[in-house]
Amino acid sequence: MEIPSKYNPSAVEDKWYKYWMDNQYFHSTPDEREPYTIVIPPPNVTGVLHMGHMLNNTIQDILVRRARMTGKNACWVPGTDHASIATEAKVVNKLRAEGIDKYDLSRDEFLKHAWEWTDKHGGIILEQLKKLGASCDWDRTAFTMDEARSESVIKVFVDLFNKGLVYRGVRMVNWDPAAKTALSDEEVIYKEMQGKLYYLNYKIEGEDGFVTIATTRPETILGDTAVCVNPADERFSHLKGKRVLVPLLNRSIPIIQDEYVDMEFGTGCLKITPAHDINDYEIGLKHNLPSIDIFNDDGTLSEKAEMFIGQDRFDVRNIIIPELEKAGNLAKVEDYTNKVGFSERTDVIIEPKLSAQWFLKMDELVKPALENVMNDNIQFHPAKFKNIYKHWMGNIKDWCISRQLWWGHQIPVYYLPDGTFVCAETAEEALKLAREKSGNASLTAADLKQDEDALDTWFSSWLWPISVFDGIRDPENEEVNYYYPTSDLVTAPDIIFFWVARMIIAGYEYRNELPYKNVYFTGMVRDAQRRKMSKSLGNSPDPLDLIAKYGADGVRVGMLLCSPAGGDLLFDESLPQQGSGFATKIWNAFRLVKNWEVSANIEQPEHSKLAIEWFNNKLGEVVATLNNQFDQFRISEALMTVYTTVRDEFSGWLLEMVKPAYQQPIDAKTYNEVVELFDQMLRLMHPFMPFITEEIWQMLTERKDGESIMISQLPKAEKYDEALLAAFENVKEAISGIRKIRTDKNIPNKDTLELKVQAGDKGFEPQFNSVILKMANLSSFEMITEEVQGAASFRVKSTNFYVPMEGFIDAEEELKKLEEELKYTQGFLTSVMKKLSNERFVSGAPEAVVAKEKAKQADAEAKIKVLEERIASMK
């Protein structure tokens, strides 16, 4: 078999992915094994793979592949989310580019365009995940608007409505003027902005005086219905019962009193605009104030504003200030920094707006979901996110679940001609209910009008772990009873409320059971300057370009090299480069082993026998470490355990110890044992690096058709000899000491050395002498009782090792080096003694700091003594 000199990921990856798919290794059906289930956080149907997806799906694939290799029935369910706002915005933009306005179309006509868009773009991101090596059960691919999921969503809405948990009401909502829809609180991102604070004078009606208010939004004065002061504020006690005139409009409004007003902020006088501020809305309700909505749905001013009708809200902000100044109402303007809410999807500033919407009562629904996270029935990794979750769940508001969109699940509420309504899963069922409700048997389907709104996207994805197994429509089916609850969820902390919390709520409401046992929160992928990666900043590489350049395995390793749970990943292209370099290291180790000539006629050398024994014990320790790290979801640490074991222990030590002499064969026993150990190491690496491990595993020894490393068993935790491993660390230190002498003295590796050992209580491991002889290329090994004059030396624990230098070194040059080292060490001791002779330092510094300086003194004195003796012996 010809092994290529270089590993070529592009030639390997498609080949093995097709092999896995052809053999249906990713597919899962219920059986007698323990299930291991993960549901993918469904990416937007319009999306393409970005760095966050790469990190998230790499971790999921590692968990799934590892579960398969421990004998579990692993099922990873893929799918996409219809993403109402994002997708509708893209379809609207596409139509606009074609000269078509959304509102010139009927709902059905628009939805045809939306489905065409979805059919064209919907599978892109899932196909891209295959390039990463994602071992999803693609036969189970779900979509939040496919038939099973859509029927599940409608069924749940009707059920919650019938339970009295869904209601319609006029409330202050977050309004997105670009998408022209309401948003939930969680879909609003607050950003700090530099703005202005405008001080405006309101004339007191019937008097010469005025009151001054401060506002960041002067355009909203056109919707003012009161001015409010704190009743405890003596500055304004004379205003009780009086009225003021709204600037420019001269509309008369009352001065009211309420404890809500902060006497320290601004002037202590607050303008009240109930239609455009949530706090003003609450005050308006309390004081029975009228509400004047001065904005249209697109953020332009409405006729109720009386001025600037049809102009954009931010344009009006600039226009109104000169008008106020001209009218004598502008007192002053100050710079001001405040937090402004933006729509998460369209990135426009949201507008608080009174609107009739559908809401879900949350106060009772959240209780089991809060309790079972706080008591660790559901475990968060890292646990710090429990506090954020607790705060949100403890302060939860009713969920605004309606959106003024056409792309999504249309709300299953049907209005009768008299304005009353019924709620039903189908139009036929709605007609039946409407006839019963009205007592009018002659009502027809044409008499009913379905609610125009669609449901919030998250109202479908909160059912995801249940609905992907059809557990809403058919709660007792075999699959949901086998796969639910799922095992682990891997997601980003920014959707802890949107999705994680709501799935837990739905799990307890519809299965009386948690939806998953563990939640692993990934960090944010940022660049080296800690900026979030985004297309707009131009700092986000295309994941597929990285895979083409470094191979999927290299990118997977790179994503995890510095990605602790919940911690941000500072991505730099050196990371996948390092991952690719590691793949090359593994490939070179494979080529080394496979190119050895094997002889069945040679006895196994003692050093090889010891090396194999050591590595078998090392493997036991590594497996135990990995099991512990995975149990605690320390996945990046688990990768580093595998990485260093392969690079250092397997390649750096084991292979070097057993490697035959130049152009000599290796004994068959050692070779077979090394191949078996290589097989075990490949299995440990496979979840992290699926492609290269499959390629090497298939070539390592003869395999049958249909065999694969991905369905082989992981090495099990075996007992290991800790004393033997500790002893071998001393051996490694001794070998490294000899190698350092070679480097320092420029002695070639081919030249043999003598070693003399003055054994102490610790540090000498005679059972491994044959290993030291081979690895250090020694001609002799001698036990001694006294110091060797003129030899290079080092110490391991309490054992002294000496390498005679006769014939290897220039005595004059060596003496010069020793004298320079002595001079440096004496200078170092002088600086330490200066500190220790300073009474202020000794009495004032912490005890540990003083102790450290004293230890430095002792070390320096001991080193000076050794150097002086060595110099004396050379003169």
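Q: What makes Glu 606, Glu 613, Asp 721 and Glu 722 a negative surface patch?
A: In this predicted model, these four residues form one patch. Asp and Glu count as negative. Patch members need over 30% relative accessible area and no salt bridge, and like charges are joined within 9 Å. Glu 606, Glu 613, Asp 721 and Glu 722 are therefore grouped as a negative surface patch.

Q: Why is Glu 722 called exposed?
A: Its relative accessibility is 57%. Exposed means over 50%, so Glu 722 qualifies. Glu 722 lies in helix H22, residues 722-745.

Q: Why is Asp 648 called partly exposed?
A: Asp 648 has a relative accessible area of 29%. Buried means under 20% and exposed over 50%, with partly exposed in between. Asp 648 is therefore partly exposed. This residue lies in helix H19, residues 635-658.

Q: How do you know that Asp 648 and Arg 647 make a polar contact?
A: Their side chains are joined at 2.7 Å. The cut-off is 3.5 Å, and residues adjacent in sequence count only if both atoms are side-chain atoms. The contact joins side chains, so the pair counts.

Q: Why does Gln 379 count as partly exposed?
A: The relative accessible area of Gln 379 is 34%. Gln 379 is found in strand E15, residues 379-381.

Q: How far apart are Gln 379 and Tyr 516 in sequence and in space?
A: They are 137 residues apart in sequence. From C-alpha to C-alpha, Gln 379 and Tyr 516 are 9.0 Å apart.

Q: What makes Glu 219 and Arg 317 a salt bridge?
A: Their closest N and O atoms are 2.8 Å apart. The limit is 4 Å, from a side-chain nitrogen of Lys or Arg to a carboxyl oxygen of Asp or Glu. The pair therefore counts as a salt bridge. Glu 219 lies in the loop between strands E8 and E9, and Arg 317 in helix H8, so the pair ties together parts that are 98 residues apart in sequence.

Q: Why is Glu 219 called buried?
A: Glu 219 has a relative accessible area of 0%. Buried means under 20%, so Glu 219 is buried.

Q: How do you know that Arg 235 and Asp 233 form a salt bridge, and which label does each get?
A: The closest N and O atoms are 2.7 Å apart. That is within 4 Å, so the pair counts. Arg 235 is partly exposed at 46% relative accessibility. Asp 233 has a relative accessible area of 5% and is buried.

Q: What makes Lys 353 and Asp 293 a salt bridge?
A: The closest N and O atoms are 3.0 Å apart, so the pair meets the 4 Å limit. The pair links distant parts of the chain, 60 residues apart. Lys 353 is in strand E14, and Asp 293 is in the loop between helices H7 and H8.

Q: Why do Lys 353 and Asp 293 count as buried?
A: Lys 353 has a relative accessible area of 8%. Asp 293 stands at 18%. Buried means under 20%, so Lys 353 and Asp 293 are buried.

Q: What joins Arg 217, Glu 219, Arg 313, Arg 317 and Glu 351 into one network?
A: Salt bridges that share partners join these residues. By the 4 Å rule, the count comes to 60 salt bridges.

Q: Why is Leu 129 called buried?
A: Leu 129 has 1% relative accessibility. The limit is under 20%, so Leu 129 counts as buried. Leu 129 lies in helix H5, residues 124-132.

Methods
Residues are numbered from 1 along each chain as its sequence is written. This is a predicted model: local features need pLDDT of at least 70, side-chain atom pairs count only at pLDDT 80 or more; totals for chains, interfaces and linings use all residues. Side-chain values use heavy atoms; hydrogens and water are left out. Patches are made of residues with over 30% relative accessible area and no salt bridge: like charges are joined within 9 Å, nonpolar side chains (Val, Leu, Ile, Met, Phe, Trp, Tyr) within 5 Å. Accessible areas come from the Shrake-Rupley method with a 1.4 Å probe; for residues, only the protein chains shown count as cover. The place of a charge is taken as NZ of Lys, CZ of Arg, CG of Asp or CD of Glu. Helices (H or I, at least four residues) and strands (E, at least two) are DSSP runs, numbered from the N terminus. Buried means under 20% relative accessible area, exposed over 50%, partly exposed in between (1.4 Å probe, protein chains only). A polar contact is a pair of N or O atoms within 3.5 Å; within protein, one must be able to donate a hydrogen and the other to accept it, and residues adjacent in sequence count only if both atoms are side-chain atoms.
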